[in-house]
Amino acid sequence: MTERKPPGVPFESWVDKQIHDAQKRGDFDRLPGAGEPLPNDLEAPYDELWWVKRKMAREGLSVLPAGLALRKEAEDALTAAYAAPSERAARKIITDVNAKIRDMLLKPPPGPPLGRKPYDVEEVVREWRRRREGRRAANESGVSDA
């Protein structure tokens, strides 16, 4: 429970004593930002969502328009398909992302265009096989990927 101001003691004196006692106890020593300069955005115009933007930046979050998010997902899916442990897994990854791409092409989202067309599953699987054979040959000859 917080301590109450005693009667007859000026508020400023009582607050100053509280701060002084907290400093002596070290309550302010390990606060976030201790010893760091103040943020240089104090001159910026007021933004009512400043705290949301700071929290997102601090936690590494971002929100992309649907088209850009799917474009990134498609690129990641292609990379994942090439690294898949089996042909079946590679096919599933590409088939799933193709369904999302086709859906977005049929219903254009707000924001920038997708700029992607569905992948050719057979072409991706051929490339997967080629890469797999290349790794197998490199491993058999003793050549390292690193």
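**Reading helix 5**

Tutor: Helix 5 (residues 121-141) has 21 residues and spans 30 Å from its first C-alpha to its last, close to the 30 Å expected at 1.5 Å a residue. The expected span is 1.5 Å times one less than the number of residues. Helices are DSSP runs (H or I, at least four residues), numbered from the N terminus. This is a predicted model, in which local features need pLDDT of at least 70, side-chain atom pairs count only at pLDDT 80 or more, and totals for chains, interfaces and linings use all residues. Residues are numbered from 1 along each chain as its sequence is written, and side-chain values use heavy atoms, with hydrogens and water left out.

Student: Which residues of helix 5 are buried?

Tutor: Buried means under 20% relative accessible area, exposed over 50%, and partly exposed in between (1.4 Å probe, protein chains only). The buried residues of helix 5 are Val 121, Val 124, Val 125, Glu 127, Trp 128 and Ala 138. Seen down the axis of helix 5, these fall within an arc of 160 degrees, so they line one face; the arc is that of the directions from the helix axis to the C-beta atoms. The face turned away from the buried side carries the exposed residues Arg 130, Glu 140 and Ser 141.

Student: What covers the buried residues of helix 5?

Tutor: Contact means heavy atoms within 4.5 Å. The cover includes helix 3 (66-82) and helix 4 (87-106). Asn 98 lies in helix 4. Leaving aside neighbours within four places in sequence, Asn 98 is in contact with Pro 118, Tyr 119 and Val 121.

Notes:
Helix = DSSP H or I, 4+ residues; strand = E, 2+ residues; numbered from the N terminus.
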